[in-house]
Amino acid sequence: MGRVFYKQIILNFISFFEYWSIIGEGENMKQKVKLVSVGHYLPEKILTNADLEKMVDTSDEWITQRTGIKERRIASSGETAATMGVMAAKDALQKAGLSADDIDIIICATITGDYQTPSTSCLIQKELAAKKAFAFDISAACSGFIYGLDIAEKYIASDPSKRVLIVATEKLSSVTDWKDRVTCVLFGDGAGAAIVEASNDSSGILRSELNSNGDNYDLLIIKAGGSKNPASQLTLEQSQHFLEMQGNEVFKNAVTDMKNAAVKVVECSGWNKDDIKLLIPHQANIRIIEAIRKRLKLKKDQVYINLHKIGNTSASTIPIALSQALEESRIQKGDKIVLVSFGAGFTSAGMTIEW
Ligand code: ACO
């Protein structure tokens with residue numbers, strides 16, 4: 001009896017030890033998900049503030065002071081969200097030394113897809129001949145790239161063998177009212193893409209924070225073309241197929257929501273402001289970016305800015321900026337990077353990445 005009792009105690013102890021070994025191992029081995037490469041594509045045509053002065057009642061001085069934008073890229077008539085997305089995806093594949101056969105999932109973030117249906121991601125899948133990949137679009141406006149990264153991270157966490165291509169691509173010139181000086185000075189076209197897979201070291205995504213606030217859905221909106229207001233003679237006459245914006249309200253919400261998302265992911269990552277190598281914010285307005293920089297108490301060289309050359313390309317701004325920052329060697333292995341965005345919906349998102 002005594003021997004059985006002691007044997008049971010020893011067995012219990014072994015089980016307890018094994019349990020904690022497995023838990024401990026699980027924590028240590030928790031595999032991160034990393035961005036293997038980032039690519040981008042910009043159309044050739046440059047539209048400067050001087051060009052806009054000839055189109056609407058505006059000035060280079062007003063645009064530069066109020067937005068920070070000097071020029072933006074405009075797609076040619078033959079270029080679409082899909083064709084630009086394919087170019088960015090090819091850049092990312094080439095930088096990673098991978099082929100389309102290596103991709104399992106394609107996520108496309110866009111609000112200016114080629115068609116209402118099929119998805120732009122399916123067009124990109126066809127053009128890349130990524131035969132084994134399944135593909136879908138997400139609509140989260142300017143936050144689409146971070147939303148896509150977060151979805152990819154969760155997907156890979158449940159199946160680490162998967163490799164995801166995230167493409168953010170926008171032809172905003174196709175939904176811009178070129179007679180409306182309030183919006184037409186802001187937007188540009190372009191695409192960015194990232195390849196994401198399970199990490200084999202400490203690099204990868206640390207924290208993400210996604211938010212949505214549908215209460216303000218009508219402050220940044222394309223009113224017609226969907227099921228609520230299908231295209232008609234009247235919607236055309238009322239210019240309802242263009243992007244409309246209550247600039248001041250969007251501005252205030254963008255500053256608050258981007259600051260909150262950035263602070264949350266930085267704190268949850270256990271970082272302080274000096275740890276951050278580069279903040280890559282959504283490129284909408286230099287005054288929004290400056291307000292966030294000051295609230296996070298970052299130095300100017302801790303923030304990446306390219307909006308003076310590219311303008312607001314919605315979901316594409318962050319991957320284009322990330323791709324350019326990498327090409328300029330502004331990011332090295334081990335660097336701590338923060339992404340933060342805000343867009344129609346409203347949506348906002350933040351993410352910390354150890355490169
Ligand atoms: N040139 C000259 N004057 C102009 C122009 C222009 N291009 N645009 C507006 N104005 C005028 C206005 O008519 C107004 O004149 P008034 O005082 O006589 O009425 C004056 O300038 C001030 O207008 P505001 O709208 O108050 O200008 P503001 O300083 O707010 O700047 C802007 C406008 C740049 C749009 C700003 O509000 C902004 O950047 N908002 C946020 C945009 C954003 O973040 N978007 C992110 C999401 S985008 C997406 O999801 C696709």
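Reply: On a 1 Å grid over the protein atoms alone, a pocket is an open set of points where a 1.4 Å probe fits, with protein on both sides within 12 Å along at least five of seven lines; lining residues have an atom within 4 Å of a point. Grid points are joined across faces, edges and corners, and a volume is the space filled by probe spheres set on the points. This is a predicted model: local features need pLDDT of at least 70, side-chain atom pairs count only at pLDDT 80 or more, and totals for chains, interfaces and linings use all residues. Residues are numbered from 1 along each chain as its sequence is written, and side-chain values use heavy atoms, leaving out hydrogens and water.

Me: What volume does the second largest pocket have, and which residues are closest to its centre?

Reply: The volume is about 600 Å³. Of its 32 lining residues, Val182, Leu186, Met245, Gly247 and Asn285 are the closest to the centre.

Me: Where does the second largest pocket lie relative to the domains?

Reply: Domain bounds come from an automatic or database domain assignment. Domain 1 (33–200) and domain 2 (205–354) both contribute lining residues, so this pocket lies between them.

Me: How many disulfides are there?

Reply: A disulfide is a covalent bond between the sulfur atoms of two cysteines. The cut-off is a pair of cysteine sulfur atoms within 2.5 Å, and the whole structure has zero. For Cys108, the closest cysteine sulfur, in Cys122, is 10 Å away, too far for a bond.

Me: Is Cys108 buried or exposed?

Reply: Buried means under 20% relative accessible area, exposed over 50%, partly exposed in between (1.4 Å probe, protein chains only). Cys108 is buried at 0%, while Cys268 is partly exposed at 41%.
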